[in-house]
Amino acid sequence: MGVSVADCLECDPVVHLRPPVEGDRVEFLSLRRESAQESERWEPRPADGVDRYGDEAWERFLSQAATPTSVRLLVTRREDQVIVGHVSISQIYREIGRAHV
């Protein structure tokens with residue numbers, strides 16, 4: 001995958017949080033397909049004709065991984081770097097005095 005422990009934003013004895021990279025595409029989409037039944041009810045519906053488990057969905061996920069107001073991170077198991085989940089943080093405001101709730 002080309003990601004090292006040094007690339008992690010947060011590391012603990014069990015998992016790492018790190019940004020996604022192109023090399024994660026196949027594993028990420030495979031895991032998304034496997035967990036579709038459990039996760040679909042929590043996710044927004046994709047635009048008509050968009051496969052939420054296909055390459056277009058990956059491209060969107062990757063393009064939104066780091067924006068001025070949001071971050072998407074993969075959760076990987078420390079022992080073998082297998083992806084076990086992902087987290088998204090949004091509505092990030094970086095200027096003091098401009099915080100919004």
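**Figure 1. Lining of the largest pocket, by residue class.** The lining of the largest pocket has ten nonpolar, three polar and seven charged residues. The model shown here and in the other views is predicted. In total, 20 residues line the largest pocket. Those nearest the centre of the pocket are Arg-32, Glu-43, Pro-44, Arg-60 and Arg-72. Two or more lining residues come from each of the elements α1, α3 (55-63) and β5. Helix α3 gives the largest share of the lining, five residues. The space in this pocket is about 570 Å³.

**Figure 2. The whole chain, for orientation.** Three helices and five strands make up the elements of the chain. Read from the N terminus, their order is β-β-α-α-α-β-β-β. The chain has 101 residues, and 26% of them count as buried. Its accessible surface comes to about 7200 Å², with 54% of that surface belonging to carbon and sulfur atoms. Of the contacts between residues at least 6 apart in sequence, 46% join residues at least 24 apart.

Figure 3. Helix α1 spans residues 25-34. Arg-25, Phe-28, Leu-29 and Arg-32 are the buried residues of this helix. These residues lie on the same side of α1, because the arc they cover around the axis is only 95°. Their cover includes α2 (36-39), α3, β4 and β5. On the face turned away from the buried side, α1 carries the exposed residues Val-26 and Glu-34.

**Figure 4. Arg-32 in helix α1.** Arg-32 is located in helix α1. Its relative accessible area is 13%, under the 20% cut-off, so Arg-32 counts as buried. Apart from neighbours within four places in sequence, Arg-32 is in contact with Ser-39, Glu-43, Arg-52 and Tyr-53. Arg-32 and its contact partner Glu-43 are both among the residues nearest the centre of the largest pocket.

**Figure 5. Ser-30 and Tyr-53.** Ser-30 is another residue of helix α1. With a relative accessible area of 29%, Ser-30 is partly exposed, because this value falls between the 20% and 50% cut-offs. In sequence, Ser-30 and Tyr-53 are 23 residues apart. In space, the C-alpha atoms of Ser-30 and Tyr-53 are 7.9 Å apart.

**Figure 6. Glu-40 in the loop between α2 and α3.** Glu-40 is placed in the loop that joins α2 and α3. Glu-40 counts as partly exposed, at 38% relative accessibility. When residues up to four places away in sequence are not counted, Glu-40 touches Arg-52 and Tyr-53. Arg-52 and Tyr-53 are also contacts of Arg-32. From C-alpha to C-alpha, the distance between Glu-40 and Arg-52 is 9.4 Å, and these two residues are twelve apart in sequence.

**Figure 7. Gln-81 in the loop between β4 and β5.** Gln-81 is found between strands β4 (70-77) and β5 (83-90), in the loop. Although Gln-81 is not a glycine, its phi is positive, at about 65°.

How values were computed
Residues numbered from 1 in each chain as written. Predicted model: local features only at pLDDT ≥ 70, side-chain atom pairs only at ≥ 80, totals over all residues. Heavy atoms only, no water. Helix = DSSP H or I, 4+ residues; strand = E, 2+ residues; numbered from the N terminus. Buried < 20%, exposed > 50% of the residue type's maximum accessible area, 1.4 Å probe, protein only. Contact = heavy atoms within 4.5 Å. Areas by Shrake-Rupley, 256 points an atom, 1.4 Å probe, with all protein chains shown as cover. 1 Å grid on protein atoms, 1.4 Å probe; cavity = no way out; pocket = protein on both sides within 12 Å on 5 of 7 lines; lining within 4 Å. Points joined across faces, edges and corners; volume = space filled by probe spheres on them. Nonpolar A, V, L, I, M, F, W, Y, C, P; charged D, E, K, R; others polar. Arc of directions from axis to C-beta.
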